[in-house]
Amino acid sequence: MSNQPQPGTERTHPEATGPEPRSEPRSEPSIRQMLGQKLMLDLRYYCQDATPAGKCRTPLTSLPPELAQLISQYDIGGVILFAENLQDSQQIITLNRQLQQAATRSDLKQPLFISIDQEGGRVARLPRQLATSFSGNMAIGATYPQHGNYFAEQAGTILADELLALGINVNFAPTVDVNVNPDNPVINVRAFAENPLVVAELGGAMTAAMQQRGVIAALKHFPGHGDTHVDSHLGLPRVEHSRQQIDQIDLLPFAEIINKQQPGMIMTAHIQYPALDSSTFTAKDGQQMIKPATLSRAILHDLLRQQLGYNGLIVTDALDMAGISHFFSPHDAVIATFAAGADIALMPVKLQSPAELADLAALLNALEQAVANDQLDSTELRASYQRIISLKQQYPLLPEGNAATQLAAAEKLLGSPAHRQVELALAQAAITRIPTADDAKNTSLPLLKDKQIVLIMPDSNKAAALSLALQQQSPQPLQIQSLSLLQDDLSDAGLLLAQADVVISGFITPMPSLAEIGGMDDVSALGPLAARYQRQQQDFLSLLRQVEQLQAPHVFISLRAPYDAAVYGQYADLSLASYAYNSEDSAIAAGDPGATYTALARVLLGQAAPAGSLPVTIKPVLPEQTAPVASNNPAKTR
C-alpha cells in the first residue's frame, strides 16, 4: 500500500493539510498547455537591465510581473528554488505565494510544484540558521547499526514539515545512490552507505516520512550515481557495471522503494550505462556518444516504467548541467528526454533577463512542432500530463490561510528547539572512531584540561566553530590556538606546533562539488577553487608531518568523506569521522557552533563516546602513497 497521501484521506499532520483535491479543468487542455505543465523553471537569478546572457547574478527574491505573466500565460508546471532565492521566512513565504498566485491566473489553474534540494548535510538550500539541516545521509548511515531507521524517519519528518510551512512542496531527496567509489566527487557523504540494502532501508524510511507529512519525495539519481569519478555538472560520467552489478547494487534501492513506498518522483542521472543502453546519439559537435540515462528510452521507459513498474513522475536532473548541455542544444535536450519517457524537464531554459524571456516561447514552439511531426507521441504526452495532474491532486501544494497565519506557524516551527535537539542527537550518534591498523594499542582520547591545544582546520570558520564548541562544553576554560589552511603565511606554524600539548586536525575530502556549492552557473570559478584546494592538501600534509615528528598527541577528524582517514589518519594517534562540517559565521558570532562541532567537542572532551559505525570501507594506504588525494578538479573530469 502506498505511504503517500491519497485524495480525500486524513493526513498525519494538521499543518500539512491543504485544500480538497482539485478537479481537472473541464475542457481538454491544449498540446501547449500540457507541455507547459512538463516544465520546471529555474528562477535563481533575474536582472532587469541588459545584462549579457548567462551573466546575471542578481538573486530573485520577489517575483517580477513579467515572470509571473510567463507562468500564467504558458501554464508552467513547476519551479525550483536555490539558496539565492531564500532569505528568511517572510520573504520565502511571500515569494512562494506570488508563484502560486501566478499559477492560479493560468487557464488550467493548476498549482505549481515548488521544489528544492534540501537533502540535509552538504546539500541544504534553506539558510542553516533558519531551518534544520542535519548532518546528512552518511551520518544517518553511521547510526543505522545502533538506531535503525530512527534518524532517517526523524530527518524526513522534520525536513518535510519545515519545507511545507514555507510553501515548498517537492524535495529532491533522498539521494539513494550507493557510494561504492571512494573517489566519487559528487555523491560520497550524500549517500547513506555502500551497502545497497542499508541504502534501500534508510532511503525508504525517509521517503515515507516526507510523503506522509505532505511533501513529495524525489529519489535520485536513477539508475545510480554511486560509482562515478566524474561530476555530471562538469562532464558525462560512465558506469561500466555489468547488468548483474547494476541489479544488485545501483538499482536495488530504487526497486525496493518503488515497491514499498511509491515515491512521487524519481530524478534521472546524466550518466552513461552501456550495460543498460549502448545506443548512441550525435552530439552537437558531431561526436557519436552513448546516450546518458536522462535521454535513454531503454532506461527511463523500458527499465523504470515497465520492468520496475514505476507509475510516478520522472523528472530530469538539471538540463543545464554539462553532462547534457555540452552535447545538446536546449531544445533538442528537452525533446530527447520527453521522447525517452521523462515527465518533467528541470531547468530547461535560462530566463535571467527580459531579453531571454522569449526563449520560453521558442522552446514551447519547438516542443509543439515535435508533437506535430511525431517526434513526441501525443498519446504519451497526454498520459504524462495525467500523471502530473494526478500527483498534484494528491498533495497539499497550496498553503492554508493567509500570509500572516502561515508566517506565524512557520516561525514557530522552523529550527525549533525540538528540531534542533534531533539535529544534535543525530550528529552525536554519528561520530565514529575510525579503526586503524594498530588499533590494538587501544589509544584513548588525550586529556585536554590544562593543555595547550592547537587546532589545524581547513579554514578559520571551522577552527572558530570547533574552538567555540570546546570552550562551551568544557567545565573549565581551555587554552586553544588555531591554524587555518587558508592562511597565506604558514611560516610560523612550526613554532606554534612546537608549543602544543595536543593537536586536533581536520580536513574535508573531496573538494565540495557544484551540487553542494549550490549548482553554480559559473563553472569557470572552479579553477581557482581547485587550485586553492590542492594547496590546502599540500600544506595539511606538511603540517601533519611536523606534528608526527614532535610526537604530540594528535587526533585527526575526517569532516566529510571518511576515506581520507587512510591518508591523514596515519599521522594521528586516533581518527574520528563526523561526515559533516556545517557551520555559519553569523551563528558562530551568536554563540552557536553548530550541531556537528558540539558533538565533536563532547567526544573530544570524553563526555560522549564515538558510537557511530563506518557505513563505507576504508582501504589502508602505504606511507609512500600519501600524495594529496584527488580533488574535484575540472581538468581531471573531462
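The side chains of Arg-125 and Asp-117 meet in a salt bridge, with 3.7 Å from N to O. A salt bridge here is a side-chain nitrogen of Lys or Arg within 4 Å of a carboxyl oxygen of Asp or Glu. The model is predicted: local features need pLDDT of at least 70, side-chain atom pairs count only at pLDDT 80 or more, and totals for chains, interfaces and linings use all residues. Residues are numbered from 1 along each chain as its sequence is written, and side-chain values use heavy atoms, with hydrogens and water left out.

Arg-125 is buried, at 6% relative accessible area. Asp-117 is buried too, at 9%. Buried means under 20% relative accessible area, exposed means over 50%, and partly exposed lies in between (1.4 Å probe, protein chains only). Salt bridges with shared partners join Asp-117, Glu-119, Arg-125, Arg-190 and Lys-220 into one network. By the salt-bridge rule, the count comes to 18.

Side chains of opposite charge can pair when their charged atoms come close. Arg-297 and Glu-380 form a salt bridge at 2.6 Å, N to O. This pair links distant parts of the chain: Arg-297 lies in helix H9 (residues 297-307) and Glu-380 in helix H13, 83 residues apart. Helices (H or I, at least four residues) and strands (E, at least two) are DSSP runs, numbered from the N terminus. Arg-297 is partly exposed, at 29% relative accessibility. Glu-380 is partly exposed as well, at 31%.

Helix H13 (residues 378-394) also holds Arg-382. Its side chain meets that of Glu-28 in a salt bridge of 3.3 Å, N to O. Arg-382 is partly exposed, with a relative accessible area of 37%. Glu-28 counts as exposed, at 56%.

Eight strands form an open sheet with parallel pairing. Their order is S11-S8-S7-S6-S3-S2-S1-S12. Strands S11 (313-315) and S12 (345-346) stand at the edges; each has a single partner strand, so one side of each is left without a neighbour in the sheet. Two strands pair if DSSP finds at least two bridges between them. Strand S6 (residues 170-171) and strand S7 (residues 216-222) pair in the parallel sense over two bridges. Val-170 stands opposite Ile-216 in S7.

Helix H9 lies across S7, strand S8 (265-268) and S11. H9 runs at about 150° to S11. Axes are lines fitted to C-alpha atoms, for helices over the stretch in contact (heavy atoms within 4.5 Å). Angles run from 0 to 180 degrees between N-to-C directions.
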